[in-house]
Amino acid sequence: MTLKQRISTFNGKDLAWVQGDEVQYGKAFIQLVRRLSKQAFPHAYRRHGKLIPGFASLEGDGQTKRLHLHGAIRCPDHIDPVDMDKMIRDQWQHCEWAMPDVKIEPIVGPWVNYILKDGTEALLVETISF
């Protein structure tokens, strides 16, 4: 999922630019997981805060390679994978730091090794929702 490198905010008086960072991008992923969870488990999310399992890692340096997220989000058993793909695309567009570029693929083989190719330090720990 591609991320905006900075966003504009209005503090009531002036327009200011906020640079994206690991914390902001982690919050964007959690926002996505919460939106998906609310859509997938409306009652359980509202009553118990049930979340779809997932995690994200941040890749890129912001200079030579655009920062972007690699995420793993489990498709709930009662949702068709095609519908889940649409849900992810729709809900990602509502996240403040989201760019429209989203590539969704099923996890097969050594994909987890790829997501963590920059090492476990690339894992955004606050995004883990298992």
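Modeller: A charge sits over a ring if NZ of Lys or CZ of Arg is within 6 Å of the ring centre and within 35 degrees of the ring normal. The model here is a predicted one.

Biologist: What makes arginine 6 a charge that sits over the ring of tryptophan 17?

Modeller: The charged end of arginine 6 is 4.4 Å from the centre of that ring. Lysine 50 is placed over the face of phenylalanine 41, 4.3 Å from the ring centre.

Biologist: Why is the pair of tyrosine 25 and tryptophan 97 called edge-to-face?

Modeller: The angle between their planes is 85 degrees, and planes over 60 degrees apart count as edge-to-face. Their centres are 5.6 Å apart, and the limit for a pair is within 6.5 Å. The count by this rule is one aromatic pair.

Biologist: Which parts does the pair tie together?

Modeller: Tyrosine 25 belongs to helix α1 and tryptophan 97 to the loop between α3 and α4, so the pair links parts 72 residues apart in sequence.

Biologist: How do you know whether tyrosine 25 is buried or exposed?

Modeller: Buried means under 20% relative accessible area. Tyrosine 25 has 0%, so it is buried. Tryptophan 97 has 3%, so tryptophan 97 is buried too.

Biologist: Why is threonine 2 called buried?

Modeller: Its relative accessible area is 14%, which is under 20%, so threonine 2 is buried. Threonine 2 is in the segment before β1. Beyond its neighbours within four places in sequence, its contacts include Arg66, His68, Trp92 and Trp97.

How values were computed
Residues numbered from 1 in each chain as written. Predicted model: local features only at pLDDT ≥ 70, side-chain atom pairs only at ≥ 80, totals over all residues. Heavy atoms only, no water. Helix = DSSP H or I, 4+ residues; strand = E, 2+ residues; numbered from the N terminus. Buried < 20%, exposed > 50% of the residue type's maximum accessible area, 1.4 Å probe, protein only. Contact = heavy atoms within 4.5 Å. Phe/Tyr/Trp six-rings, centres within 6.5 Å; stacked < 30°, edge-to-face > 60°.
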